[in-house]
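This report goes from the overall fold to a handful of individual residues and their surroundings. It is meant to be read with the sequence and the coordinates open alongside.

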Amino acid sequence: MRILHLDSGPGWRGGQQQLHTLIGGLKREGIQQVLVARKGSPLAARAAELEVPVRALSLSSEWDLVSLAGMARVVGSFRPHLIHAHDSRTLGLAVWLKSFGWGGGVVAARRVAFSIRGNPWWNFKYARQTSRVIAVSHYVRDLLIGEGLEPGQVEVVYDGVDTGAAPLPEQRSGARRRLGVADGEFLIGCVGHFTPEKGQALLIRGFPEILKTHPDSRLAVVGEGSLREELERLIRELGLQGRAVMTGFVSDLDSVLPGFDLLVHPSLAEGLGSVILQAMSRQVPICASRTGGIPEAVIDGETGFLFPPGSPEALVQSVLRARCNPGLARRQAERAAARVRSAFSVARMVSETRRIYSDILNR
């Protein structure tokens, strides 16, 4: 079986991390693979570590004819059985190849909780030219079916994360030193790309209320993106300098997650939330918004605390509940780690993806 993966992401986010993990898992099972990635992207560099052939192209749009020609050369030399497009842009390029005569199957990954109908040729891309769409959650699958895709065309494969043990004390102390947090302080972490739908501003606005009753609290906002200056300005306006820190992009979340006493994920729209799964696997208690696919991972009252999206007041109450019930939060974190092992393992993600590949080829 020969698989050509496509990804145009310029940075290192959940989708790129999952693709890197998938490629590694499929390689261990003897699957031949080639990756076409964005020129200069972290994924292109890191995939080379897996000793998988990488072709770096600009992938600037689904109308990028130079990249399309480069992909055609890769297809001609590698002769893949399937093309797996891991974002909408590269799916557009893949279906152009299929339209021009390439006879293999196309698999599309769908990780986001946004409408596909915003693209004027969504029906051609997703419904007519794609063999199967892999949705990251049942929420995303239901959204796609509601917009016109056939139920049999869309399958759910959850993200897979390493299911390691709880962080050791030295890992926790090291992470807190890197973040400048004292031993007696309660560290709230928030991880995500700085875009409007991730909702970091809601947490920053609610943080002064948390400090009123728990002045030993600290906030670490981890990530990068277009809203960075706006979030930094909000921290200054609320007088949170010294209590809230913006760390910038962190490539290895295991360098900071062990230092968190609580992860807060205030997203307004989320396909699933890979960072939530990673925190769950490390037994970090979770407060997250009840939106998109998040409730498929975080079961309110069992594996974490959920609150309505878009409400700073509800967010604050959820955080205070976790703070005032440390024993409950710890038990939930232990159950969350067990849930990751059963439903969100790397082995399961790789196995289910391979099954879909085989099903398409057998048909």
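## Overall fold

The secondary structure of the chain amounts to 14 helices and 13 strands. With a radius of gyration of 21 Å, close to the 21 Å that the globule rule gives for 363 residues, the chain is as compact as a globular protein of that length. The model is a predicted one, and the descriptions below should be read with that in mind.

Taken along the principal axes, the box filled by the C-alpha atoms of the chain is roughly 65 × 40 × 40 Å. Among contacts in the chain with a separation of 6 or more, 67% are made by residues 24 or more positions apart.

## Burial, surface and charge

Of the 363 residues of the chain, 56% count as buried. The accessible surface comes to about 14,900 Å², and carbon and sulfur atoms account for 51% of that surface.

As for charge, the chain carries 44 positive and 35 negative side chains, and the centres of these two sets lie 4 Å apart.

## Helix H12

Helix H12 covers residues 312-324, and its 13 residues reach 18 Å from the first C-alpha to the last, which is close to the 18 Å expected at 1.5 Å a residue.

## Positive phi angles in two loops

Arg-79 sits in the loop between helix H3 (65-78) and strand S4 (82-85), and although Arg-79 is not a glycine, its phi is positive, at about 55 degrees. The relative accessibility of Arg-79 is 58%, and because the cut-off for exposed is over 50%, Arg-79 counts as exposed.

Gln-283, also a residue other than glycine, has a positive phi near 60 degrees. Its place is in the loop between helix H10 (274-281) and strand S12 (286-289).

## Phe-344, between two helices

Phe-344 belongs to the loop between helix H13 (326-343) and helix H14 (346-362), and with a relative accessible area of 0% Phe-344 is buried. Leaving aside residues up to four places away in sequence, Phe-344 touches Tyr-158, Asp-159, Gly-160, Val-161, Leu-272, Leu-277, Glu-296, Ala-297 and Arg-339. The C-alpha atom of Phe-344 is separated by 8.7 Å from that of Asp-162, a residue 182 positions away along the chain.

Arg-243 is located in the loop between helix H9 (228-237) and strand S10 (244-248), where a relative accessibility of 23% makes Arg-243 partly exposed. Beyond residues up to four places away in sequence, the contacts of Arg-243 are with Glu-185, Phe-207, Leu-211, Pro-215, Asp-216, Ser-217, Arg-218 and Leu-219. Between the C-alpha atoms of Arg-243 and Leu-187, which are 56 residues apart along the chain, the separation is 9.8 Å.

Leu-187 itself is part of strand S8 (residues 186-191), and at 0% relative accessibility Leu-187 counts as buried. Again not counting residues up to four places away in sequence, Leu-187 touches a set of residues that includes Arg-176, Leu-179, Val-181, Ala-220, Gly-259, Phe-260 and Leu-262. Arg-218 and Leu-219 are touched by Arg-243 and are also among the residues that Leu-187 touches. Asp-261 is another contact of Leu-187, and the C-alpha atoms of Leu-187 and Asp-261 are separated by 5.2 Å, although these residues are 74 positions apart along the chain.

How values were computed. Residues are numbered from 1 along each chain as its sequence is written. This is a predicted model: local features need pLDDT of at least 70, side-chain atom pairs count only at pLDDT 80 or more; totals for chains, interfaces and linings use all residues. Side-chain values use heavy atoms; hydrogens and water are left out. Helices (H or I, at least four residues) and strands (E, at least two) are DSSP runs, numbered from the N terminus. The radius of gyration is taken over C-alpha atoms; the globule rule is 2.2 Å times the number of residues to the power 0.38. Buried means under 20% relative accessible area, exposed over 50%, partly exposed in between (1.4 Å probe, protein chains only). Contact means heavy atoms within 4.5 Å. Accessible areas come from the Shrake-Rupley method with a 1.4 Å probe; for residues, only the protein chains shown count as cover. Lys and Arg count as positive and Asp and Glu as negative; His and the chain ends are not counted. The place of a charge is taken as NZ of Lys, CZ of Arg, CG of Asp or CD of Glu. The expected span of a helix is 1.5 Å times one less than its number of residues.
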